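Subject: Model for you to look at

Hi,

Here is the structure I promised to pass on. Please open it alongside the notes below.

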Amino acid sequence: MEKIIMEHGSGGRATGELIREIFESQFNSDVLSEMEDAAVIPGEATIAMTTDSFVVTPLEFPGGDIGRLCICGTVNDLCMRGAIPKYITCGFILEEGAEVETLRRIVKSMAETANEAGVKIVAGDTKVIEGNGGIYINTAGVGFVPKGVDIKAKNAAPDDVIIVSGNVGDHHATILSQRMGIKNTIQSDNAPLQEMVGKLVASHIPVHVLRDVTRGGLATVLKELALSSSLRFDIHSDKLPIDLQVKSFCKLLGLDPLYMGNEGKLVAILPKQYADDALAIIKSCNYGANACIIGSVNQPTDEIETGALIMHTEIGGKRFLDILQGEGLPRIC
């Protein structure tokens, strides 16, 4: 079994072999191994749910692959509501001609990342279609929200601070470098953020907003949050954490790191008096070493409209930022 063939999607012997040899052997879940039509799982709390689909070229890239990407993306979406991620389902759409060894590596990466994130893969599905060897993954995730936790976009308040958990643009730069054959040492930031969010929630710091910085980049995320809260967001260009190699990459290609996607960064918005404590917690976690405070939330004024996102430049100017227009190529997730 070296390549995926149409028979792998037939529901017969070849399908069973694919499930047993590739998926079940790696995911090692007692619930999944029952091979029932639905997973029955325990839970007694407010439930958070999410779903996502993952399409990326190349399938494997420096720092990760589509398997790690799909677990991180699903886990992080749950975390942004303060939930503790617990269960994930995954559906694979495999094009005829996909390399079995590539699939095996991707599934192994998924299993390792799920273990790191403390989640179980409890159900899945596989479909094989005609094509040119592509692999696509759809996920659904379930988590439980601790009592009293209410984190959502419209909760941002005047005098809140804006924290970003690390360097922006790494994932986008990695994928684009691979697509264009540009040699550098930039690596994807794809990472699960459950430790970071869990420690913030456990600290009882009143976090108002969490949002992972994925497609559309930091500027798009902050503009959406400013609009949701009907407030004004101010950030400072000299505070933005951007790797020097990514800066050079952006200058070379005329890219703006504020609109480049990430897969392991979050924005946290919370009251100013808790800023230092929250920043220390984030920095103490895996993937939070480069976290910093980049701005604040303020009341709109007569001169500046509600929902404005303003970047204050190093020379004293102001740049009004908006949501990404058009397609942020290449597809990064």
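The secondary structure comes to eight helices and 13 strands. The radius of gyration is 21 Å, close to the 20 Å that the globule rule gives for 333 residues, so the protein is as compact as a globular protein of that length. Keep in mind that this is a predicted model.

Some overall figures next. The C-alpha trace spans about 70 × 50 × 30 Å along its principal axes. Of the 333 residues, 51% count as buried. Among contacts with a separation of 6 or more, 86% are between residues 24 or more positions apart.

Strand pairing

Strand S11 (residues 292–298) pairs with strand S7 (residues 160–164). The two run antiparallel, and four bridges join them. Ile 162 has Gly 295 of S11 as its bridge partner.

S11 also pairs with strand S9 (residues 232–236). That pairing is antiparallel too, over four bridges. Here Arg 232 is partnered with Asn 298 of S11.

Backbone points to check

Most residues other than glycine have a negative phi, and most peptide bonds are trans.

- Thr 57 and Pro 58 are joined by a cis peptide bond, with omega at about 5°. Pro 58 sits in the loop between strand S1 (46–54) and strand S2 (60–61).
- Asp 159 is not a glycine, yet its phi is positive, near 75°. Asp 159 is in the loop between strand S6 (135–145) and S7. Its relative accessibility is 49%, so Asp 159 counts as partly exposed; the exposed class needs over 50%.
- Tyr 287, also not a glycine, has a positive phi of about 75°. Tyr 287 belongs to the loop between helix H8 (275–284) and S11. At 35% relative accessibility, Tyr 287 counts as partly exposed.

The second largest pocket

How much space lies in the second largest pocket? About 280 Å³. The lining has 13 residues. Those nearest the centre are Ile 242, Lys 247, Lys 251, Asp 256 and Pro 257.

Which helix gives the most to that lining? Helix H7 (residues 244–253) does, with three residues. By class, the lining of this pocket has seven nonpolar residues, five charged and one polar.

That is what I have for now.

Best wishes

Definitions and conventions. Residues are numbered from 1 along each chain as its sequence is written. This is a predicted model: local features need pLDDT of at least 70, side-chain atom pairs count only at pLDDT 80 or more; totals for chains, interfaces and linings use all residues. Side-chain values use heavy atoms; hydrogens and water are left out. On a 1 Å grid over the protein atoms alone, a cavity is a set of points where a 1.4 Å probe fits but cannot get out, and a pocket is an open set with protein on both sides within 12 Å along at least five of seven lines; lining residues have an atom within 4 Å of a point. Grid points are joined across faces, edges and corners, and a volume is the space filled by probe spheres set on the points. Ala, Val, Leu, Ile, Met, Phe, Trp, Tyr, Cys and Pro count as nonpolar, Asp, Glu, Lys and Arg as charged, and the others, Gly among them, as polar. Two strands pair if DSSP finds at least two bridges between them. The radius of gyration is taken over C-alpha atoms; the globule rule is 2.2 Å times the number of residues to the power 0.38. Buried means under 20% relative accessible area, exposed over 50%, partly exposed in between (1.4 Å probe, protein chains only). Contact means heavy atoms within 4.5 Å.
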